Amino acid sequence: MAEKHCPSYYAATVNDTSRYPSLEGETSADICVIGGGFTGIATALTLAERGFQVVVLEANQVGWGASGRNGGQMIHAISGEDNLRRSQGPAAEKLIHDIKWRGNEIIRERVEKYNIQCDLKYGYMDAAVKNRHMDHLRKEYDYFSANGLEEHFRLVEARDMADYVGTDSYCGGLYNDLDGHLHPLNLCLGEARAFSSLGGRIYEDSAVIDIEHGLTPVVKTATGQVRANKVVLAGNAYHHLERKHLRGFLFPAGTYILATEPLSEEMARQVLPRDQAVCDLNELLDYYRLSADRRMLYGGRCNYSGRDPKSIKDNMLPRMLKTFPQLKDARIDYEWGGKIGIIINRTPHVGRINDNIYYSEGYSGHGVNTTHIIGEILSDATSGQMERFDIFAKAKHTRLPVPGGLGNQIIALGMLYYRIKDIF
Ligand SMILES: Cc1cc2nc3c(=O)[nH]c(=O)nc-3n(C[C@H](O)[C@H](O)[C@H](O)COP(=O)(O)OP(=O)(O)OC[C@H]3O[C@@H](n4cnc5c(N)ncnc54)[C@H](O)[C@@H]3O)c2cc1C
């Protein structure tokens, strides 16, 4: 049974209520994309801009998955860069350098080109909880300064942190004005609208149940099918297709967000005087920002066990109040969660099942920009430009050949190590 958007702050403030029909009968396309999140829609839009006939099949609604529920933090780079570097050498180093800001650029270009109203705002800070985090941020600052971006980055010492975040939780931070934050559901819906305006076809309530392999694969739903030259599988942590090839690489993990009532202007200025997004540098991090109507959107608590907490609020509120005790009287208006796809070495899992079925999944919680980079790389690959795709596809990944639930338990156990590391 198809589901509506989860009852989040984002779903309550959508600015586009268009719905797309469900697939009935047979149709054909150059490319069939499975999944209407950022990976699927970003890929579909790029392909449509290049003149391809594309069909997107979404099991629920566009933006139903992580893309319509996330923290909205648009942060440069991809997760698992070190692994990519280690396994692919200089070619990976160049790719990592070239794509570092590409996702942010694509989002900005699309917001401007298609007039997408998604509260895009610049400003982001990595916050150091421990001195070793600060050592890391100093290195980052040196790297960006050496790459000509000094004017966009500020290394903030503990004594100056109150100018950026109204808490004494941190011993410093690294601020930049090239990353930022946005309303992810409105971005995803806006990109879907742009895709549709270019002749792209979207079918919602259209869960794919099988892919028949062949020269022109057939993608099947309960009520219809799409014959396509190429297929892109973009269901991330929510799909169960192609298990023989994909089982054991991605482990779904829950992460959760609280939204307060709108804060007074004075309180908003006190907690985040520069209205930037913030992530702390713990392995199991907290992330937060203000919404356009000044609510604190406070996220965290990655749950690797596969079980959601009984009460998101009971779990998240103490974390928020530890950082911002001044919000103790703020009413909580929304609480929700979603699944991110964790890959053991954190590098996105990108590849091909055969010559005409491509997949990308597992951004390890860092998907707003990465999905847009990958959308471009998948679009290149489906039209034969394999260079960047192959670097991802050749990355070494660990596979846990155990049933999903057991795999999650193993990951949860592994994450205990990081929880303990966060304490010291
Ligand atoms: C609570 C939360 C907070 C996060 N915060 C941030 C953040 O601040 N910054 C950041 O960079 N990243 C963040 N992330 C991660 C980011 O949201 C994801 O990496 C990204 O949205 C993944 O996009 P996707 O399109 O690959 O997957 P999804 O958005 O999950 O989309 C997958 C889609 O595929 C559909 N689907 C699944 N199976 C089928 C099928 N069989 N047939 C048809 N359709 C199917 C699903 O219905 C779903 O809509 C967060 C994630 C969560 C859950």
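Colleague: How many residues of H2 are buried?
Modeller: 11 of its 12, so H2 is largely enclosed by the rest of the structure. Buried means 20 or more other C-beta atoms within 10 Å of a residue's own; exposed means 12 or fewer, partly exposed is in between, and C-beta atoms are placed from the backbone. This is a predicted model: local features need pLDDT of at least 70, side-chain atom pairs count only at pLDDT 80 or more, and totals for chains, interfaces and linings use all residues. Residues are numbered from 1 along each chain as its sequence is written.

Colleague: Which residues of H2 are buried?
Modeller: Phe38, Thr39, Gly40, Ile41, Ala42, Thr43, Ala44, Leu45, Thr46, Leu47 and Ala48.

Colleague: And what covers them?
Modeller: The cover includes strands E1 (25–34), E2 (54–57), E10 and E17 (357–361), plus helices H6 (184–197) and H10 (368–382). Helices (H or I, at least four residues) and strands (E, at least two) are DSSP runs, numbered from the N terminus.

Colleague: What span should H2 have, and what does it have?
Modeller: At 1.5 Å a residue, residues 38–49 should span 16 Å, and the end C-alpha atoms of H2 are 16 Å apart, which agrees. The expected span is 1.5 Å times one less than the number of residues. After H2 comes Gly51, with a positive phi near 95 degrees.

Colleague: Now H10. How many of its residues are buried?
Modeller: 13 of 15, so H10 too is largely enclosed by the rest of the structure. H10 reaches 22 Å from first C-alpha to last, close to the expected 21 Å. Just after H10, Gly384 takes a positive phi of about 95 degrees.

Colleague: Which non-glycine residues have a positive phi?
Modeller: Asp119 has one, at about 55 degrees. Glu242 has one as well, at about 50 degrees. Most residues other than glycine have a negative phi.

Colleague: Where does Asp119 sit?
Modeller: In the loop between helix H4 (102–113) and strand E4 (121–128). Asp119 is partly exposed, because 18 other C-beta atoms lie within 10 Å.

Colleague: Where is Glu242, then?
Modeller: In the loop between strand E10 (224–233) and helix H7 (243–246). Glu242 has 18 C-beta neighbours inside 10 Å, so it counts as partly exposed.

Colleague: On to the ligand. How many residues surround it?
Modeller: 44, and the closest are Gly37, Gly65, Gly71, Gly338 and Gly367.

Colleague: What is the shell by class?
Modeller: 18 nonpolar, 23 polar and 3 charged residues. Ala, Val, Leu, Ile, Met, Phe, Trp, Tyr, Cys and Pro count as nonpolar, Asp, Glu, Lys and Arg as charged, and the others, Gly among them, as polar.

Colleague: How many residues are in the largest nonpolar core?
Modeller: 120. Those with the most contacts inside it are Cys32, Ile34, Ile41, Val54 and Leu57. A core is a set of buried Ala, Val, Leu, Ile, Met, Phe, Trp, Tyr and Cys residues joined through C-beta atoms within 7 Å.

Colleague: What does Ile34 touch?
Modeller: Not counting residues up to four places away in sequence, Ile34 touches Gly40, Leu57, Val208, Val219, Val231, Val232, Leu233, Ala234 and Gly235. Contact means C-beta atoms, placed from the backbone, within 7 Å.

Colleague: Ser364: buried or exposed?
Modeller: Buried, because Ser364 has 23 C-beta neighbours inside 10 Å. Ser364 lies in the loop between E17 and H10. Beyond four places in sequence, its contacts are Ser79, Gly80, Ile340, Ile342, Ile343 and Arg346.

Colleague: And where is Arg319?
Modeller: In helix H9, residues 312–323. Arg319 is partly exposed, with 17 other C-beta atoms within 10 Å. Leaving out residues up to four places away, Arg319 touches Asp286, Gly300 and Arg301.

Colleague: Whole chain. How many helices and strands?
Modeller: 12 helices and 17 strands. The radius of gyration, taken over C-alpha atoms, is 21 Å.

How values were computed:
Two residues are in contact if their C-beta atoms, placed from the backbone, lie within 7 Å. A residue is near a molecule or strand if its C-beta atom, placed from the backbone, lies within 6 Å of it. The radius of gyration is taken over C-alpha atoms; the globule rule is 2.2 Å times the number of residues to the power 0.38.
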